[in-house]
Amino acid sequence: MLPKVLWNLHRIHDFATDILKQHGRTGEFMGPWFTKMNYLITSDPMNVHHIMSKSFDNYVKGPEFREIFQVFGLGIFTSDSETWRYHRSLLLSLFKNRKFEMFLEKTIQKKLKGSLIPTLEYAKQQGIEVDLQDIFNRFTFDNICSIVLGYDPNCLSIDFPHVACEKAFNEAEESIFYRHVVPKSVWKLLEWLQIGEERKMSEACKVFDQFIYSCIASKREELSKYNNKSQIDESHPQVDLLSTLMMMREEESKKSQSQTLVHDDKFLRDTAFNLFVAGRDTITSALTWFFWLIAKNPLVEAKILEEIKENFGANNNHDIKHNVLSIEEVKKLVYLHGALCESLRLFPPIPFESKQAINGDVFPSGYHVSPNTTILVSLYSMGRFEEIWGKDCLEFKPERWISEKEGIIHVPSYKFISFNAGPRTCLGKDLSFMQMKMVVAAILCNFCIQVVEGHEAKPSLSIVLLMKDGLKVRITKREV
Ligand code: HEM
């Protein structure tokens, strides 16, 4: 089956969807015997519910996954059992903190006003063609650096500076994708020889590690100037995650010596890397596909604008053109929420996931699972099945998410899987919706986005569903 996959690599997610449709949504992939590339692929909601929730303990990321995703270190994405539980509860306590939400809101509002809107304004005035995906990548990179490291590298500005570390991320993710489609013996050999994709990966890692370790060192130096946590709290009322983790460790070590993980530099590096991938490219991908869909569906765009005007128009003493909305305000935008869900259904930023079965099992659909089987779940295919979404499953219809009472219809996560399901559900789901709504409202109220004629939106070959050639657009003034 491998030659067929390689032949269809440019449309791998649609190819997988076609094959899964023909085989009742679950099937086996058999590579040549010497490659050990045998996978069980599924996008059946009942199987997914079984893997992600009901038999959660039997389906782990496993050692093979950690090898492929080596660059992630031992962070939340790659770990299992106790280590994962530690990361999860640590991040959960940080994300649920009201202070953190306020810090996030301020950071995003500042970046929107200070960088995103001025950059789009400049592109509008110059009448130049810009890559909206690149703009979102820079925007989310600056945001995630500020939130995680407390440092804004200012990638997003009108001169579009080259930021090596920002590029290094994309390259590392593309190389990880290749590790999924070539036999392990091949990528191991390339790694050993340091050529091709593996060389790209090593170089990208070096660039990234240099950046992050220098941020950790300067943060340690900065914090060492203070005698205790209350002094830091006074001078930094809203702090980044790195400082919080460093201070937390200090506090906890005073209380107990039996800490599961030491917050040393490697731990901080791995946590930061995982949060970068979690919170940066996913948002870029979601926003890029969303704006492409909106450009193709002007009626949806008009309805979103209508909803914003109804809630925050001139009658409500709001200057929507010059102000950015707050977290509380965007909660009112129900139709926009539906439109974002619809876009995430069709283009899930993480298009597939991999799990390993510890013990033998039988799926609800009747498939026998042998111990150690690698299971691939196609999140992309799950958004495109008639059995789940109806005959119009390939259409972009935000209305399918809106109830008669004008609220959001709840769809169980094992059907709407874009944020994962079960105990490993995405921790940043609510934060993502807030951030995306703030960005969409700020852009749509100020600008019209037109996709350049002839530009084809093709998915990239990466673990995150970005657009291969970016999203080329022209920007004009919005007359509200
Ligand atoms: C549109 C945006 C996003 C989407 C579609 C998304 C989707 C996902 C998916 C599918 C997973 C499971 C991945 C796996 O286990 O292999 C995941 C996990 C995770 N996400 Fe998100 N994510 C988004 C944004 C964010 C943001 C902004 C953050 C926080 C900064 C975040 C934090 C996490 C974390 C920490 C996990 C690991 C959860 C665990 O393993 O327990 N995500 N996300």
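## Cys426 and the iron atom

Cys426 is located in the loop that joins helix H18 (386-389) to H19; helices (H or I, at least four residues) and strands (E, at least two) are DSSP runs, numbered from the N terminus. Its SG atom, at 2.3 Å, is the only protein donor of the iron atom of the ligand. Donors are N, O and S atoms within 2.8 Å of the metal (3.2 Å for Na, K and Ca), and water is not among the atoms, so sites may look incomplete.

The model is predicted: local features need pLDDT of at least 70 and side-chain atom pairs count only at pLDDT 80 or more, while totals for chains, interfaces and linings use all residues. Residues are numbered from 1 along each chain as its sequence is written, and side-chain values use heavy atoms, with hydrogens and water left out.

## The shell around the ligand

The ligand is surrounded by 21 residues, each with a heavy atom within 4 Å of it. Lys61, Trp84, Arg88, Arg424 and Cys426 are the closest. By class, the shell comprises 11 nonpolar, six polar and four charged residues. In this division Ala, Val, Leu, Ile, Met, Phe, Trp, Tyr, Cys and Pro count as nonpolar, Asp, Glu, Lys and Arg as charged, and the others, Gly among them, as polar.

For Lys61, a polar side-chain atom is 2.6 Å from a ligand oxygen. An N or O atom in the side chain of Arg88 lies 2.7 Å from an oxygen atom of the ligand, and for Trp84 the distance from a polar side-chain atom to a ligand oxygen is 2.8 Å. Helix H5 (81-95) and helix H13 (265-296) are the elements that give two or more residues to the shell. H13 provides the largest share, four residues.

## The largest cavity

Three cavities of 30 Å³ or more are present. A cavity is a set of points, on a 1 Å grid over the protein atoms alone, where a 1.4 Å probe fits but cannot get out; lining residues have an atom within 4 Å of a point. The largest holds about 980 Å³ of space, a volume being the space filled by probe spheres set on the points. The ligand takes up this cavity, with more than half of its atoms within 2 Å of the grid points.

The lining of the largest cavity consists of 49 residues, and Phe77, Ala278, Thr282, Ile350 and Cys426 lie nearest its centre. These lining residues divide into 31 nonpolar, 13 polar and five charged. H13 supplies eight of them, the largest share. Elements supplying at least two residues each include helix H6 (98-126), helix H7 (132-149), strand E5 (352-357) and helix H19 (429-446).

How values were computed. A polar contact is a pair of N or O atoms within 3.5 Å; within protein, one must be able to donate a hydrogen and the other to accept it, and residues adjacent in sequence count only if both atoms are side-chain atoms. On a 1 Å grid over the protein atoms alone, a cavity is a set of points where a 1.4 Å probe fits but cannot get out, and a pocket is an open set with protein on both sides within 12 Å along at least five of seven lines; lining residues have an atom within 4 Å of a point.
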